Structures are given as C-alpha cells and as structure tokens.
Amino acid sequence: MNLDPSDDEAVEKASDNRTATRQDSDSKPAVKKKRKQPTECFLSQPEEKQESTVKAKRRRKKKISDVLQKSAPKPGVPADLQNLLTQHFGENRSVIEIEELKLSDSCFLPANDLSHSFSSYLKEICPKWAKLRRNHEEKKSVVMLVLCSSALRSLELIKSMTAFKGDCKVLKLFAKHIKIKEQMNMLEKGVFHIGVGTPGRVKALVEQDGLCLNATKYMILDWNWRDQKLRRMMDIPEIKRETIDLLEKSIIKLCRDGSVKLGLF
C-alpha cells in the first residue's frame with residue numbers, strides 16, 4: 001500500500017503542534033493570589049493636640065494632699081461654718097431666710113487652734129464641767145454633744161477625753177453595730193452627760209424623740225480632723241448634708257436663743 005507523502009507531512013505537523021502546545025502550557029507560570037499589603041494608620045495632628053490637652057488637664061487637677069504639702073492646714077473658725085451654710089442655702093433660700101440661719105459670734109466657743117488635745121480643748125471651753133455634770137439629772141438628753149465623721153472616729157474621741165470626763169457617762173451615738181432602738185432605750189432609762197456620734201444617727205434620734213436637746217449646753221464639731229483620704233467631716237458629702245440638716249432643724253434655733261454654744265475642734 002503506497003502512502004501519499006503529503007499525508008506524512010500532515011501527521012508530523014499535527015504531532016509537532018501538540019508537542020508545542022504541551023510545552024507552552026508547562027512553561028506558563030502558576031497564577032498566584034494577590035496578597036493585600038498592610039495599610040498603615042497615621043494620627044492627624046489635631047488629634048495629637050487634643051490628646052496632649054487632655055493630659056495637661058489631668059496634670060492640672062490638684063489633690064487635697066498636694067495642697068496640704070504646699071501649705072500648712074488652717075484651723076477652722078466660725079466664719080468657715082457661716083460661709084458653708086450660706087453657700088449651701090444661697091440658691092434656694094430668700095435673703096430673709098438666710099439671715100435667720102446666721103449666728104452671731106456669741107453663739108460660738110473658742111475654736112481649736114490645732115495645739116490642743118481633745119481633753120485640753122474641752123477643759124478650756126468648759127471650765128465648770130464638774131458642776132454641770134453634778135446638776136444634770138434629765139433622761140433622754142446629754143449636756144454635751146460631739147459630732148464627727150464616723151463610728152471609728154467617735155471611739156477615738158471617747159478614749160481621748162478620759163482626762164476631761166471623769167466619772168460621767170458617755171453614750172455612743174452612731175449606727176455601726178448599734179440599733180437605734182437600743183440607744184433610745186438607754187437614753188430613756190439612764191442619765192448620760194456626753195453623747196458622741198455621727199450627725200445621721202443623732203438627727204434620727206432627735207426626729208424620733210429619742211434624744212431631747214433642751215438640756216444640751218455644748219455642741220462640738222470635729223472640724224479639723226482628717227481621715228486617711230485627708231478629708232475633713234465637711235468634705236464628705238453625706239456627713240456635710242446631715243450636719244447641715246441637724247443644724248437647720250434643731251441646733252441653730254437653740255444657739256440663737258442662747259442655750260447652746262458651738263465649738264469647732
């Protein structure tokens with residue numbers, strides 16, 4: 001059988017084309033997935049200024065400890081209490097009502113100049129204590145009322161007045177571990193000369209007729225003492241509010257009548 005030479009050439013060309021196609025496909029590089037380049041974030045200049053401004057403001061804020069380090073603590077004076085009452089009631093009271101809350105200098109005892117212990121201060125402001133103690137026989141009342149910021153501070157003051165109080169009876173007037181009914185029963189059954197406690201509990205006893213202030217001659221505010229956070233009793237919002245409420249509702253009128261004297265220890 002004779003083959004046409006043109007057919008042989010066609011077969012060779014076809015095989016050459018297949019070989020070339022295979023080589024081309026092998027030589028093509030594999031398609032790789034494009035990776036996203038990480039983008040960088042830059043803060044604008046205004047934001048940096050705002051951040052620095054906030055830091056500056058935080059630095060400017062002063063603490064009580066910073067103030068005390070630069071200047072010695074000043075003892076409280078009657079004008080401090082007057083200013084406190086005026087600031088508290090100034091926005092909500094008329095001029096006449098504010099005038100009724102003002103106290104004359106004769107309503108105050110000498111203030112502690114920070115040189116006294118509690119006993120020495122009480123001896124100075126109340127030289128006739130022995131006579132007052134002997135003459136006091138009324139129940140549900142005390143001759144001297146001491147207000148401070150906490151139960152713990154009350155116990156400290158009771159211990160520190162040992163040289164002054166002698167054999168007189170002292171009653172704890174705070175809420176910690178003592179129910180108000182127990183205190184009311186003690187006041188009703190016994191005679192006490194000094195009451196030491198927090199303004200909140202004293203105010204509650206007065207409102208519930210457990211404590212009568214008609215026989216009270218002295219009211220002492222633990223004004224200058226500072227706690228671990230360097231706060232005075234009037235720096236603590238709750239204590240400040242309850243003290244002012246007690247003064248407004250019960251004490252200021254007695255001071256203006258001349259029966260009670262106020263002291264700042």
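The model is predicted, so local features require pLDDT of at least 70 and side-chain atom pairs count only at pLDDT 80 or more, whereas totals for chains, interfaces and linings use all residues. Residues are numbered from 1 along each chain as its sequence is written, and side-chain values use heavy atoms, with hydrogens and water left out. The largest nonpolar core holds 39 residues, and the model contains 11 salt bridges and three aromatic pairs.

**Nonpolar cores**

- A nonpolar core is a set of buried Ala, Val, Leu, Ile, Met, Phe, Trp, Tyr and Cys residues joined through side-chain atoms within 4.5 Å; buried means under 20% relative accessible area, exposed over 50%, and partly exposed in between, with a 1.4 Å probe and protein chains only.
- In the largest core, of 39 residues, the residues with the most contacts inside it are Leu81, Met219 and Leu262.
- The elements giving two or more residues to this core are helix 4 (78-89), strand 1, strand 2 (170-173), helix 10 (180-189), helix 11 (199-207), strand 4, helix 12 (237-257) and strand 5; helices (H or I, at least four residues) and strands (E, at least two) are DSSP runs, numbered from the N terminus.
- Helix 12 gives the most to this core, with eight residues.
- Another core, of 21 residues, lies apart from it and includes Leu122, Val146, Leu157 and Ile220.
- Beyond its neighbours within four places in sequence, Leu262 is in contact (heavy atoms within 4.5 Å) with Leu81, Leu103, Cys107, Phe108, Leu109, Met219, Leu247, Ile251 and Cys255.
- In soluble globular proteins, nonpolar side chains tend to be buried together.

- Helix 6 has Phe118, Ser119, Tyr121, Leu122 and Ile125 as its buried residues.
- Seen down the helix axis, these buried residues fall within an arc of 160°, so they line one face of helix 6; the arc is that of the directions from the helix axis to the C-beta atoms.
- The cover over the buried residues of helix 6 includes strand 1 (144-147), helix 8, helix 9 (162-165), strand 4 (218-221) and strand 5.
- Rings of Phe, Tyr and Trp (its six-membered ring) pair if their centres lie within 6.5 Å, with planes under 30 degrees apart counting as stacked, over 60 as edge-to-face and the rest as tilted; by this rule there are three aromatic pairs.
- Tyr121 and Phe265 form a tilted pair, at 5.5 Å centre to centre and 45° between the planes.
- This pair links distant parts of the chain, with Tyr121 in helix 6 (residues 118-125) and Phe265 in the segment after strand 5 (261-264), 144 residues apart.
- Tyr121 is buried at a relative accessible area of 0%, and Phe265 is buried at 9%.
- Ring pairs join Phe118, Tyr121 and Phe265 into a cluster.

**Salt bridges**

- A salt bridge is a side-chain nitrogen of Lys or Arg within 4 Å of a carboxyl oxygen of Asp or Glu, and the count comes to 11.
- Glu99 and Lys102 form a salt bridge of 3.3 Å, N to O; Glu99 is partly exposed at 42%, and Lys102 is partly exposed at 37%.
- Glu156 and Arg153 also meet in a salt bridge, at 3.3 Å, N to O.
- Glu156 and Arg153 are separated by about one helical turn because they are three residues apart in helix 8 (residues 151-160).
- Glu156 is partly exposed at 36% relative accessible area, whereas Arg153 is buried at 9%.
- Arg153, Glu156 and Asp222 are linked in a network of salt bridges.
- Arg232 and Asp235 form a salt bridge with their closest N and O atoms 3.3 Å apart; Arg232 is partly exposed at 25%, as is Asp235 at 30%.

- Arg201 lies in helix 11 and is buried without a salt bridge, the nearest side chain of opposite charge being Glu182, 7.9 Å away; for charge, Lys and Arg count as positive and Asp and Glu as negative, while His and the chain ends are not counted.
- Not counting residues up to four places away in sequence, Arg201 touches Leu173, Phe174, Ala175, Ile178, Lys179, Ile180 and Gln183.
- Cys255, in helix 12, is buried at 3% relative accessibility.
- Leaving aside neighbours within four places in sequence, Cys255 is in contact with Leu103, Cys107, Val260 and Leu262.
- The C-alpha atoms of Cys255 and Lys217 are separated by 9.3 Å, and these residues are 38 residues apart along the chain.
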